[in-house]
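Please look over the model below before reading on.

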Amino acid sequence: MSEQKEIEFKNLLTESEFIRLLTTFNIHETDFHQQTNYYFETENFSLKALQMALRVRQKNDQYELTLKQPALDQIGLLETNQPITSEQAMSFINHCEVPSGEVAGKLQTISPSMNFTCFGKLDTERAEIEYQNGILVFDKSRYLNSEDFELEYEVSDFDKGKATFEALLDTLQIPSRKTKNKVQRLSERLNM
């Protein structure tokens, strides 16, 4: 289990902008890896109301349970990650049995009686590179018969990261777009 603060900036891209970025940063098809996120919610959208998200991520043959919640200082998110077995992942995805551990413990403190359902999955092809004291993430995601392209910049310093990300978009002549996170985009497509 690990707990970390996540500060990231994101921008949706057109397909042509995405291709141009890959060329600019010399990213090739072989640099991408596949990951699948399975997202969970309660019947009355308790997590959404608390600005939280719960997912299982499958990458290669590894599974990780993640709870994201607002950070106490309101800058970024507090992310709790817990490795789980494929059996635990499938049991949660198919039968809504939350794996025991740190994430389940945190969920119990929020509400002991939360019942979850897997409401959707999102497949992403992802490439990452180091860039000016952060990590640039190039994502092509597919969900519910749609596809989108996204650039993320993960940093440890909000102000410096914001300035660097905005300068990068400006230099590449890519408009800054208000970009919701993946679980929000999936939820909207489902009209949740």
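**Burial and packing in the chain**

Of the 192 residues in the chain, 45% are buried. The model is a predicted one. Its radius of gyration is 17 Å, which agrees with the value near 16 Å that a compact globule of 192 residues would have. Along the principal axes, the C-alpha atoms fill a box of roughly 50 × 35 × 30 Å. The accessible surface is about 10,700 Å², and carbon and sulfur atoms contribute 47% of that area. As for charge, the chain has 21 positive and 31 negative charges, with mean positions 4 Å apart.

The chain contains six helices and eight strands. Starting at the N terminus, their order is β-α-β-α-β-β-β-α-α-β-β-β-α-α. Among contacts with a separation of 6 or more, 58% join residues 24 or more positions apart.

Helix α1 spans residues 15-24, and its buried residues are Glu 17, Phe 18, Leu 21 and Leu 22. These residues fall within an arc of 140° when seen down the axis of α1, so they line one face of the helix. In an α-helix there are 3.6 residues a turn, so residues three or four places apart point the same way. The buried residues of α1 pack against β1, β7 (134-143) and β8 (146-155). On the face turned away from the buried side, α1 carries the exposed residues Ser 16 and Thr 23. After α1 comes Asn 26, which has a positive phi near 55°.

Helix α4, residues 102-110, has Val 103, Ala 104, Lys 106 and Leu 107 as its buried residues. They lie on the same side of α4, because the arc they cover around the axis is only 160°. The cover over these buried residues includes β1 (2-13), α2 (46-49) and β3 (53-59). It also includes β4 (62-70), β5 (77-84) and β6 (116-131).

A last stop is strand β2, residues 33-42, which holds Gln 35. Is Gln 35 buried or exposed? Its relative accessibility is 1%, and therefore Gln 35 counts as buried, the cut-off being under 20%. Which residues does Gln 35 touch, not counting those up to four places away in sequence? They are Arg 57, Gln 58, Lys 59, Leu 122, Asp 123, Thr 124 and Arg 126.

Note on methods: Residues numbered from 1 in each chain as written. Predicted model: local features only at pLDDT ≥ 70, side-chain atom pairs only at ≥ 80, totals over all residues. Heavy atoms only, no water. Helix = DSSP H or I, 4+ residues; strand = E, 2+ residues; numbered from the N terminus. Rg over C-alpha atoms; globule rule 2.2 N^0.38 Å. Buried < 20%, exposed > 50% of the residue type's maximum accessible area, 1.4 Å probe, protein only. Contact = heavy atoms within 4.5 Å. Areas by Shrake-Rupley, 256 points an atom, 1.4 Å probe, with all protein chains shown as cover. Lys, Arg positive; Asp, Glu negative; His and termini not counted. Charge placed at Lys NZ, Arg CZ, Asp CG, Glu CD. Arc of directions from axis to C-beta.
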